[in-house]
Amino acid sequence: MHENPKLTVAMDGPSGSGKSSVAKEVARHFGLAYLDTGAMYRAATWHVLDQGISLDDKAAIAQAVKAMNLIFSCNPAEEEIMVGTRDIREAIRGEEVSNAVSAVASVPEVREHLIALQRSAIDHAMNGMVAEGRDITTVVAPDADARILLTASEEVRMRRRGLELADKGDSQDLTKQISERDAKDSKVNNFMQAAEGVELIDSSEMDFNETVNAVINSINAQVKAKRAAASNADELE
């Protein structure tokens, strides 16, 4: 357990990198809250589609997202994502939402609204939080105690998503889908390369436990380094 009363961990990564499952386990390890920001964008997309709004109508998209009653849990042990009284945990993982989420997430007003909600959740987390997504290390929480970009090769990311069972033709199509989604999203956020001060962890050759341990070790090292720097700064004053 960390010594500080609060610990904020920011974690980014491309689709299929395993960041969600790793982030949850890391949150459990440190006794922190957990925030899946990707699920928030998916919830916003589900709401836009449910309202029958055209993906070309950015003004209507922004208005709908700002008005939606989004309820989400920060408990790593139990996912809760609702809009009003409707449980949408399964619905947001569907193909229709996956195909539309980039269009909704690229609307500036949508991003501003959801980023404000994400920052509020981080600020109000009693012991701290592990927040994961695609712009956490650079936009949402650039001052986090530890910042990590978790990645893996495209082949490994596909396999982890269970796509290795597809036949060759389908596999090529699925590879194209993942590449196209990453390309669309990377126009908004550069989540494929680690920004300055962000540690890159490539889990291509690691299993789940090894990846979790690598992230935990990185967090501990980053926190230790920041404490040492702060202590040195105090001595110089």
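Modeller: Start with the cut-off: a residue counts as buried under 20% relative accessible area, and as exposed over 50%. Bear in mind that this is a predicted model.

Colleague: Is Thr151 buried or exposed?

Modeller: Thr151 has a relative accessible area of 12%, so Thr151 is buried. This residue lies in strand E7, residues 146-151.

Colleague: Which residues does Thr151 touch?

Modeller: Leaving out residues up to four places away in sequence, Thr151 touches Pro14 and Ser17, and also Leu200, Ile201, Asp202, Ser203 and Ser204.

Colleague: How does one read burial along a helix?

Modeller: An α-helix has 3.6 residues a turn, so residues three or four places apart point the same way. In helix H3 (residues 58-67), the buried residues are Ile61, Ala62, Ala64 and Val65. Seen down the axis of H3, they fall within an arc of 165°, so they line one face of the helix. Ala59, Gln63 and Ala67 are exposed on the other side of H3.

Colleague: What covers the buried residues of H3?

Modeller: The cover includes H2, H4 and helix H5 (108-124).

Colleague: At what angle do H2 and H4 pack?

Modeller: Angles of 65 to 115 degrees count as roughly perpendicular. Helix H2 (residues 37-50) and helix H4 (residues 95-105) pack at about 100°, with axes 8 Å apart; the two are therefore roughly perpendicular to each other. By class, their contact has 10 nonpolar, two polar and two charged residues.

Colleague: Which residues of H2 and H4 meet?

Modeller: Among them are Tyr41, Trp46 and Leu49 in H2, and Glu96, Val101 and Val104 in H4.

Key:
Residues numbered from 1 in each chain as written. Predicted model: local features only at pLDDT ≥ 70, side-chain atom pairs only at ≥ 80, totals over all residues. Heavy atoms only, no water. Axes fitted to C-alpha atoms, helices over the stretch in contact; angles between N-to-C directions. Helix = DSSP H or I, 4+ residues; strand = E, 2+ residues; numbered from the N terminus. Parallel < 35°, antiparallel > 145°, perpendicular 65-115°, else oblique. Contact = heavy atoms within 4.5 Å. Nonpolar A, V, L, I, M, F, W, Y, C, P; charged D, E, K, R; others polar. Buried < 20%, exposed > 50% of the residue type's maximum accessible area, 1.4 Å probe, protein only. Arc of directions from axis to C-beta.
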